[in-house]
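Dear colleague,

Please find below the structure that I am handing over to you.

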Amino acid sequence: MVYVLLADGFEIIEALAPVDMLRRAKVDVTTVGVYSQTVTSSCGITVNADITADDFEFSDVEAIVIPGGSLGVINLEKSPFVQSVVDEAAENGLLVCAICAGPSLLGHKGLLKGRKAVCYPGFEDSLEGAEIVDDFVVRDGDFITAKGAGVSVEFGLEIVRELVGDDAAEEIKSAIQCR
């Protein structure tokens, strides 16, 4: 199961484009309202998360996705639940994916030290010890990072590629007319 962590202020396209790509690939994906079932995006769109943190079971985690949105990431980072989920995923070698401001949460925890990573411009100092590269989406080990909203589909496809394989990612890419 892939879990997408949502807190008020999240960037909607950075959360829901990966959900869309994963569901097209028949990957089980669940959105988690960290503080409540109803979560409001940075642009004011309210979504109902599939579950709340209270319903979360770590036993079936394959990957964690951290969308950006500055306020959303601040709210995620304040959550002891999010901190423990990210720690446990990293300790168990599970896929941890973050986009836009999201990689700053990983950087503050020291999880990107010595790894190639990207983030939204201006957050580079938060990626403590990371090798900042000039790409839009980067995979290094069990971490996938991406720059921002404009590459949300590409980010989602990279997660699909890692979990299901190149063929599935390319099939979806062709079906949605992505370059």
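This is a predicted model: local features need pLDDT of at least 70, side-chain atom pairs count only at pLDDT 80 or more; totals for chains, interfaces and linings use all residues.

Strand β2 contains Thr 31. With a relative accessibility of 7%, Thr 31 counts as buried. Beyond its neighbours within four places in sequence, Thr 31 is in contact with Val 4, Leu 6, Val 19, Asn 48, Ala 49, Asp 50 and Ile 51.

The nonpolar cores

The largest nonpolar core comprises 33 residues, and Phe 56, Ile 66, Phe 81 and Leu 106 have the most contacts inside it. At least two residues of this core come from each of β1, β6, α2 (70-77), α3, β7 and α4 (102-108). Helix α3 gives the largest share, 5 residues.

Ile 66 illustrates how these elements meet. Leaving aside neighbours within four places in sequence, Ile 66 is in contact with Leu 76, Val 86, Val 96, Cys 97, Ala 98, Ile 99, Gly 102, Leu 105 and Leu 106. Apart from this core lies another, of 31 residues, which includes Leu 6, Ile 12, Ala 15 and Ala 169.

Ala 15, a member of that other core, is located in helix α1. Its relative accessible area is 0%, and Ala 15 is therefore buried. When residues up to four places away in sequence are not counted, Ala 15 touches Val 4, Leu 6, Phe 10 and Pro 67. The C-alpha atoms of Ala 15 and Leu 5 are 8.3 Å apart, and the two residues are separated by 10 residues in sequence.

Salt bridges

The model contains 8 salt bridges. I describe some of them here.

Arg 24 is bridged to Asp 20, with 2.4 Å between the closest N and O atoms. Both residues lie in helix α1 (residues 12-24), 4 residues apart, which is about one turn of the helix. Arg 24 is partly exposed at 44% relative accessibility, and Asp 20 is likewise partly exposed, at 32%.

A salt bridge also forms between the side chains of Arg 23 and Asp 50, at 3.1 Å from N to O. This pair links distant parts of the chain, 27 residues apart: Arg 23 is in helix α1, and Asp 50 is in the loop between β4 (46-48) and β5. Arg 23 has a relative accessible area of 42% and is partly exposed; Asp 50 is partly exposed at 40%. Asp 50 is also one of the contacts of Thr 31 in the list given above.

In helix α5 (residues 152-163), Arg 161 and Glu 158 are 3 residues apart, about one helical turn. They form a salt bridge in which the closest N and O atoms are 3.1 Å apart. Arg 161 is partly exposed, with a relative accessible area of 23%, whereas Glu 158 counts as buried at 19%. Through shared partners, salt bridges join Glu 158, Arg 161, Asp 166 and Glu 170 into one network.

Cysteines

How many disulfides does the structure hold? The number is 0. A disulfide requires cysteine sulfur atoms within 2.5 Å. The closest cysteine sulfur to that of Cys 43 belongs to Cys 100 and is 13 Å away, too far for a bond. For Cys 119 the closest cysteine sulfur is again in Cys 100, at 8.5 Å, which is also too far for a bond. Cys 119 is buried, with 2% relative accessibility.

Yours sincerely

Definitions and conventions: Residues are numbered from 1 along each chain as its sequence is written. Side-chain values use heavy atoms; hydrogens and water are left out. Buried means under 20% relative accessible area, exposed over 50%, partly exposed in between (1.4 Å probe, protein chains only). A salt bridge is a side-chain nitrogen of Lys or Arg within 4 Å of a carboxyl oxygen of Asp or Glu. A nonpolar core is a set of buried Ala, Val, Leu, Ile, Met, Phe, Trp, Tyr and Cys residues joined through side-chain atoms within 4.5 Å. Contact means heavy atoms within 4.5 Å.
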